[in-house]
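Have the sequence and the 3D view at hand as you read.

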Amino acid sequence: EIIPLFPTLVVKINTKPSFDNIKESILDYAYTEMKNDPGVIKSNDGGWQSKSTIGERSDFLVYKNFLLDQSQIALSKIFINGLGLGFDNCWFNCNRKGDANGWHNHPPSDIAGCLWLKTSEKCGSFMAQSSNAYQYWNWTKNIKPEVAARYNFSDQYYFGPNEGELILFPGSTYHKVRTSESDEDRISIAFNLRILKTTINN
């Protein structure tokens with residue numbers, strides 16, 4: 001018997017068709033922000049990243065609510081009823097050919113999220129790293145491939161990206177974006193959430 005202990009839970013959902021209702025307007029918002037703001041340097045190696053204060057604006061409220069609503073739907077699959085979520089901040093990312101994002105995490109948030117707004121083939125996959133990458137080095141290098149595949153037992157894992165998909169994961173999880181080989185823009189919005197006291201006593 002193989003018992004997977006202490007896994008890192010990542011929740012992924014497709015926000016379509018709701019996403020289709022905001023896609024054009026939120027991309028317009030992102031491009032307008034790029035035009036008017038040089039952005040900041042954080043984890044981005046090239047590319048552009050907006051300031052993380054856009055979620056405080058009144059004209060961004062519809063998108064903030066979308067992120068919160070979709071996160072609640074996704075997290076209802078793993079958390080108890082009545083979970084409260086606090087929205088800390090969010091920012092746009094735009095990577096073009098040759099751009100990437102280095103390893104980083106999102107302290108002190110409980111939950112980090114990413115919604116992909118515009119993607120294409122070879123635009124740079126999202127890579128998460130196991131918190132046990134060092135301790136389990138020899139395990140991961142010698143594990144049977146079929147066991148590794150069945151239990152996602154590895155030091156790294158890759159996601160999409162796909163337009164309209166949303167992923168949520170512990171804010172302590174190290175992750176990065178691989179270098180884009182696409183001639184198209186790769187645009188996403190990243191955000192941080194806090195877990196609040198539940199409103200229902202289970």
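Buried means under 20% relative accessible area, exposed means over 50%, and partly exposed is in between (1.4 Å probe, protein chains only). This is a predicted model, where local features need pLDDT of at least 70, side-chain atom pairs count only at pLDDT 80 or more, and totals for chains, interfaces and linings use all residues. Residues are numbered from 1 along each chain as its sequence is written, and side-chain values use heavy atoms, with hydrogens and water left out.

**Backbone**
- Most residues other than glycine have a negative phi, and most peptide bonds are trans.
- K122, though, has a positive phi near 60°, and K122 is exposed at 59% relative accessible area.
- N152 has a positive phi too, near 50°.
- The bond from P107 to P108 is cis, with omega near 0°.
- G160 and P161 are also joined by a cis peptide bond, with omega about 0°.

**Aromatic rings**
- Rings of Phe, Tyr and Trp (its six-membered ring) pair if their centres lie within 6.5 Å; planes under 30 degrees apart are stacked, over 60 edge-to-face, and the rest tilted.
- That rule gives 13 aromatic pairs.
- One of them is F60 with Y63, edge-to-face at 5.4 Å centre to centre and 65° between the planes; both residues are buried.
- W116 and F126 are edge-to-face as well, with centres 6.1 Å apart and planes at 75°.
- W116 is buried at 0% relative accessible area, and F126 is buried at 4%.
- W116, F126, Y157, F159 and F169 make up one aromatic cluster.
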